[in-house]
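Please open the model in your viewer and keep the selection panel at hand.

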Amino acid sequence: MTTTPDPAAPRPGPGPEEAALEAAFAAARAASPRPGAALMARILADAAAEAARRDGARGALRRLRAFFRALGGAPAAAGLSLAAAAGLWIGAAPPALLDGVAAAVWAAPAELDFAPLLQDGALEGLDEPGGTDA
Amino acid sequence: MQDHRAAAASDPVAVPDDAALLAAYARGERAAARALADRLVPRILGFAARMLGDRAEAEDVAQEAMLRLWRQAPHWRPGEASVATWLYRVAANLCTDRLRRRRPAALDDVPEPADEAQPGALAGLIAADRAAALEAALARLPARQRQAVVLRHLEGLANPVIAEIMGVGVEAVESLTARGRRALGADLAGRRKELGYDDDA
């Protein structure tokens, strides 16, 4: 047969070991280390630097958004991206069709002859307003 | 202590809570950072100092934990977690990393109890000596027990909060705390008279 402890009965107080431990905890709580001014200054400097870094990033994002808005918003940004991608593709793997175009553009003369321009008087008047019409 | 903190945190009229201060800092209010640091750094520093037994290392941990809080500020979701609990968890992980990196012969670094061959010199010990004796006994506890005991009995946190910080169940916290208390009690028992505890009874 088991007996149920009477909840109203006085409970035994803490033993000497428990009391000693509680006293030690209280003493340790009272002696908790306090942060010095140097540590607080370092921590607040971190906070300021982090806020400044965030502000800088936000500013760059704002400028980028303003740039695309000035270009014409999202459609312009999409068009720009498409053009950039197409340029990259053509540069990396040019289609065969472009060989003919390139050949037509860069056909003879292979060398440009600047000799006539260097003759005396050929460039006269170019640095004056009105040019050679004067 | 826990009740007092809980009451202060739940009273929106008295002072802005930690999450409100963090949100204010994220909006660019620098004064909120100071208020938050004044409130949280002493707690984190005390916890880290007891975990590591080294003031300089504890300061590094406190600074690093606060830096992570500053970085987290814009992403903080109110109501999801307590700022203090989050910060304790970060500090606990930083302390664990540092303890793991220490050389295995760390027992050599554990502070020895005061020389028991000088009972006369110990007769007038004051509370600071009791605190020092407890700190030394804490340093001899296994790290998990030490963490649970410090959070419960020195930081005054409730067991569910400690469980969240340590990433374990409440039962595990109760077990760690009970074992830690027993070990501390046994450690201090031999020194009870010289530390003046018997005079308190």
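A salt bridge is taken here as a side-chain nitrogen of Lys or Arg within 4 Å of a carboxyl oxygen of Asp or Glu. By that criterion, the whole structure contains 15 salt bridges over all chains.

The model is a predicted one, in which local features need pLDDT of at least 70 and side-chain atom pairs count only at pLDDT 80 or more, while totals for chains, interfaces and linings use all residues. Residues are numbered from 1 along each chain as its sequence is written, chains are lettered from A and ligands numbered from 1 in the order in which they are written, and side-chain values use heavy atoms, with hydrogens and water left out.

**Stop 1: charged pairs in chain B**

Select Arg27(B) and Glu29(B), whose side chains form a salt bridge with an N to O distance of 3.4 Å. For accessibility, buried means under 20% relative accessible area, exposed over 50%, and partly exposed in between (1.4 Å probe, protein chains only). Arg27(B) is exposed at 59%, whereas Glu29(B) is partly exposed at 42%.

Next, select Arg34(B) and Asp38(B), which are joined by a salt bridge of 3.9 Å, N to O. Both belong to helix α3 of chain B and stand four residues apart, about one turn of the helix. Helices (H or I, at least four residues) and strands (E, at least two) are DSSP runs, numbered from the N terminus. Arg34(B) is partly exposed at 44% relative accessibility, and Asp38(B) is partly exposed at 40%.

Proceed to helix α4 of chain B, residues 55–72, where Arg55(B) and Glu59(B) are four residues apart, about one helical turn. Their side chains meet in a salt bridge of 3.0 Å, N to O. Is Glu59(B) buried or exposed? Glu59(B) counts as buried, at 15% relative accessibility, while Arg55(B) is partly exposed at 36%. Now select Glu18(A), Glu22(A) and Arg181(B): salt bridges that share partners link these residues into one network.

**Stop 2: Gln63(B)**

Remain on helix α4 of chain B and select Gln63(B). This residue is buried, with a relative accessible area of 16%. Contact means heavy atoms within 4.5 Å. Apart from neighbours within four places in sequence, Gln63(B) is in contact with Leu39(A), Arg42(A), Ile43(A) and Asp46(A).

**Stop 3: the largest nonpolar core**

A nonpolar core is a set of buried Ala, Val, Leu, Ile, Met, Phe, Trp, Tyr and Cys residues joined through side-chain atoms within 4.5 Å. The largest one has 70 residues, and those touching the most other members are Met66(B), Leu69(B), Trp70(B), Leu134(B) and Leu184(B). Colour helix α3 of chain B, residues 30–52, which gives the most to this core, with 13 residues. Domain 1 (1–102) and domain 2 (124–201) of chain B each supply at least three residues to this core; the domain bounds come from an automatic or database domain assignment.

Centre the view on Met66(B). Not counting residues up to four places away in sequence, Met66(B) touches Ile43(A), Ala37(B), Leu40(B), Val41(B) and Leu87(B).

**Stop 4: chain A as a whole**

Chain A has four helices and zero strands, running α-α-α-α from the N terminus on. Of its 134 residues, 16% count as buried. The accessible surface of chain A is about 10,300 Å², of which 65% belongs to carbon and sulfur atoms; accessible areas come from the Shrake-Rupley method with a 1.4 Å probe, and for residues only the protein chains shown count as cover.
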